[in-house]
Amino acid sequence: MAGEGFIQIQPLEGTPVLAKPAGELRPSTGKICGLDVGSTTCKYSIASAAGELLGQAYERHNTKQAEKVLDFLTRMETQHGLTPEVDRVFFTGSGAGLIAPLVGGKVIQEVVAVAAAVEKLHPNVRFVSEIGGEDMKTIFFSGTGPSKSKQVLMQSACSGGTGTFIEKTARKLDIPTEQLSTMGYDGYTLHKISSKCGIFAEADSNTLLKAGVSVEEIIASLFEAVVYQNLATLTRGNTPLPEILLLGGPNLFFKGLQEAWRHHLAKVWKERNVAIPDDRDPASFIRVPDAALYYAAQGCIEVGRADSPAVGVYQGTAKLRWWIEEGQYEEKKKIGRGGLWTDPAELQGFLERYSKPGGNGSEAAKSNGKERSNGNGHSNGNGNGNGHAQVRRRPRMQLPILGKVSKLGPVVVGCDFGSTTAKAVCMSPDKDLLFSCYALSRGNPIDDAKSLFRQVREAVGDGEILGLAITGYGKDLLKDILGADCPVVETIAHASAGLHYFPDADCICDVGGVDVKIMILNNGAVTDFRLNSQCSSGNGAFLQGVAERFNIPMSEMADGAFRAKAMPQLSMGCGVFLQSDIARVGRQRRFSPGCARFSR
């Protein structure tokens, strides 16, 4: 890995020294505050006019950036005496542009802020890697004195390798954050995990788990992917020379990520003949400062000290409070579009038609308690015969839902062990569906199988199981463990069931946990097949991830969407960009989470 896409850069001679700020420090008697309003967290540092640090804090904002900044400013007014018209505030981060003007603050570009703090605190550092919640940045320093320069590279196409990339995959594996921070890298067998796309990385991790790979090895491989992403794409052929500084929450909190950095950087230096003193361990040139979270905020202070005392004067929180309480709703009227319904009567009619178990809007196909034929020999209720108006399709039988049954005769069992859920059904020899059960996957297909078969055994009782067929991502691991009679390819299983219930179907769309499949049917045969292999936007895992981010139970998502009276315009296609759009909407608070998450 290390030899691809790099060029040799000889170590710089001499010792780099602190570069002078852009302007001379100007006298000021007020305090200076730096706020880093990031994609997932907010940080502040406040210092005296002389640069002495007075306090700092770091908290997640849960997409409510403005509210968290208001909380911070109020706290600093109380605890540190932050005073309007006297003290100054400087902002950086993804949410700075909206919030800073509301309180009189000045916006500092994030890389400029980080570089200012590094040059002040670590004048000998030549390479910086900062990993944030939804982005990554690298800074190369070269030269000394007045000729010292920097080259900045940012990851701008995908969230692969960021903090969200790591945490989302860990949540998929059901690993608490506290445990994740202590998991290591050294000594574990590594496996291939996509480094370029967080969506693919999650799918790769799921596949490895289904194949029986331990979560420790998967997490070690995830740390490997993050470092690879930095070295392969964010160095652009340059060699990171010592000394190295690792910044940002993931670099600070995750022990295994630090170990992966030390391993790969030492390997790169050895391959490229970078001179390292014999009496020093290469790992000693790689530093993770205790305040790694606050460098952007501290950099704002350094930039502010060199700026005019009239710039960034704090104006208080009145306008920010107005924005949170009223302004965002005024702008909401100008942007986006209406909700999913136009009037309460339309919503009520929809709910009555579709909210019942097994209901699908086909009640018009019934007459006096008896279903009528649709004119083609099938009572699936698509209503194109006997003079009835066309209505939506319905199965020839109402599908059973999860629940106890008194007794089942001989049955054939079918199981689908998917990426995020596990399902089982029991059918009679005459293909009548007698029982079904459904459970969220715990990440271990063996545990999923135990959970399902407990329910099946309770339903079947002493009845005979004539056969077992399985499909889904877990079928290859479980087919021998369960003694399955027939492992079935997922597309074949979909087509067989679809044609059984809808003989005249010509298209099947399956929205799964980490994929979306389309099957084109013609005369009872599959003639074409499409699998979403580019992105997970629109699949179940994506929706679940958005729900987790807004702290909304999955069972309440649909209700929240129908309560929304408006919804924003979000990007289509890429799940990462769509998540960024949702985060942007949350930052501006123009729309409630209910409308943002279902606007697609």
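This is a predicted model: local features need pLDDT of at least 70, side-chain atom pairs count only at pLDDT 80 or more; totals for chains, interfaces and linings use all residues.
Beyond its neighbours within four places in sequence, L180 is in contact with I166, A170, I175, I219, F223 and F254.

## Packing of helix 7 and helix 9

Helix 7 (residues 215-233) and helix 9 (residues 255-271) have axes that come within 9 Å and cross at roughly 45 degrees. Helix 7 is therefore oblique to helix 9. The crossing of helix 7 past helix 9 is right-handed.

On the side of helix 7, the contact involves F223, E224, V226, V227, N230 and L231; these meet G256, L257, A260, W261, H264, L265 and V268 of helix 9. By class, nine nonpolar, three polar and one charged residues make up this contact.

## Backbone features in loops

P242 and E243 are joined by a cis peptide bond, with omega about 10 degrees. E243 is placed in the loop between helix 7 and strand 9 (244-247).

N273, although not a glycine, has a positive phi of about 55 degrees. This residue, N273, belongs to the loop between helix 9 and strand 10 (286-287), and N273 is exposed, with a relative accessible area of 63%. N523 likewise is not a glycine and has a positive phi of about 55 degrees. The loop between strand 20 (516-522) and strand 21 (525-531) contains N523, which is exposed at a relative accessible area of 77%.

Note on methods: Residues are numbered from 1 along each chain as its sequence is written. Side-chain values use heavy atoms; hydrogens and water are left out. Axes are lines fitted to C-alpha atoms, for helices over the stretch in contact, and angles run from 0 to 180 degrees between N-to-C directions. Helices (H or I, at least four residues) and strands (E, at least two) are DSSP runs, numbered from the N terminus. Angles under 35 degrees count as roughly parallel, over 145 as roughly antiparallel, 65 to 115 as roughly perpendicular and the rest as oblique. A crossing is left-handed if the near helix is turned anticlockwise from the far one by less than a right angle, and right-handed if clockwise. Contact means heavy atoms within 4.5 Å. Ala, Val, Leu, Ile, Met, Phe, Trp, Tyr, Cys and Pro count as nonpolar, Asp, Glu, Lys and Arg as charged, and the others, Gly among them, as polar. Buried means under 20% relative accessible area, exposed over 50%, partly exposed in between (1.4 Å probe, protein chains only).
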